[in-house]
Amino acid sequence: MNAPPANPSKRMRIAGVVMLGLAAAVAVLFVFDPSTAGFYPICPLHAMTGLQCPGCGGLRAVHQLSHGHIAAAWRLNPFVIGLLPVALWLGVREAVWIFTRREWPGLVTRPIFGLLLAGALLVFGIVRNLPFCRG
Amino acid sequence: MFKVLGSDQQVYGPVSAAQLRLWMAEGRVQPSTLIQAEGATDWKPLSSLAEFAIPPVPPIVNLSPAPVREGGQTMAMWGLICGILANLCCCASIFGILGLIFSITVLSRRQDFPGANHKELAVAGLILSIIGLLWHSLLPLFFFRPRMFPHFRHWPM
């Protein structure tokens, strides 16, 4: 039977705006290379100390990935590239929940994974600044 | 039997009162939606009919309960973890925004997360997230004196 359409809820509108914003950010990253364009933010830790923070190279890595250069992206920041599929899964899962009220398996939503993430972030931030890893 | 003027300005029906209640439960029909009773010529808002006054009748609610997510405790823990992460590094201050979202969701929708008391966790996550976002937002101030920093502009992010 024909049924009148459900009005989009406030959450659906917010989710739509967030998705549009993310798409716009990826489009900007695709067109402008962070290693040459001047308007991207600069890492304060690197500017002050010369050390690479765990996120350094993340934007350049996403730019390389958006052009299909997986190896170059991995060299720039393996941590961010490894986290992207996880973030993608959680984002799609959240969108499915908001728009269809279906619950997909969380896989990594237990809090222990958050502590693992914090530990991995610290270890990666230290290891990538060791003399034999720089470059 | 009733006819319904949908939010897309199309006329639906005629449908039974039970179907109308189902549409109410699904959010397709609001109290302000115009409906026309069989035999009547004028359109009235749904809320003006006593038999559809909100809240909807309990049996319908029991037939199709609105799905509610479990795990307020989990979400509060994630708020706290994101609050910690937000203070680790400037690039991780994105976690501050996530921490804000998790903590505020737990605090503002506590009726959806019955059971354990996770207010303290959520408040801790909220405070840590705000601290992380605040002091990282102050970092660009240092760049007004770039000569202090020999590596300035060496690498973008």
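Which residue is the bridge partner of B:Val4 in strand 2 of chain B? In this predicted model, the partner is B:Tyr12.

## The hairpin in chain B

The pairing of B:Val4 with B:Tyr12 belongs to a two-strand arrangement. Strand 1 of chain B covers residues 2–5, and strand 2 of chain B covers residues 11–15. They run antiparallel and are joined by 3 bridges.

Between the two strands of this hairpin lie 5 residues.

## Chain A: helices

Chain A contains 6 helices and 0 strands. Read from the N terminus, its order of elements is α-α-α-α-α-α. Of its 135 residues, 22% are buried. Among contacts in chain A with a separation of 6 or more, 44% link residues 24 or more positions apart.

Helix 1 of chain A spans residues 10–31, with 22 residues. From first C-alpha to last, helix 1 of chain A reaches 32 Å. That is close to the 32 Å expected at 1.5 Å a residue. Helix 1 of chain A is hardly covered, with a buried count of 1 among its 22 residues.

## Confidence

The model has an ipTM of 0.73 and a pTM of 0.65. Chain B has an average pLDDT of 75, and 71% of its residues score at least 70.

One stretch of chain B calls for care. Over residues 57–64 of chain B, pLDDT stays under 50. The model gives that stretch 7 contacts beyond four places in sequence. Where pLDDT is low, predicted coordinates should not be read in detail.

How values were computed:
Residues numbered from 1 in each chain as written. Chains lettered and ligands numbered in written order. Predicted model: local features only at pLDDT ≥ 70, side-chain atom pairs only at ≥ 80, totals over all residues. Pairing = 2+ DSSP bridges. Helix = DSSP H or I, 4+ residues; strand = E, 2+ residues; numbered from the N terminus. Expected span 1.5 Å × (residues − 1). Buried ≥ 20, exposed ≤ 12 C-beta atoms within 10 Å, placed from the backbone. Contact = placed C-beta atoms within 7 Å. pLDDT = per-residue confidence, 0-100.
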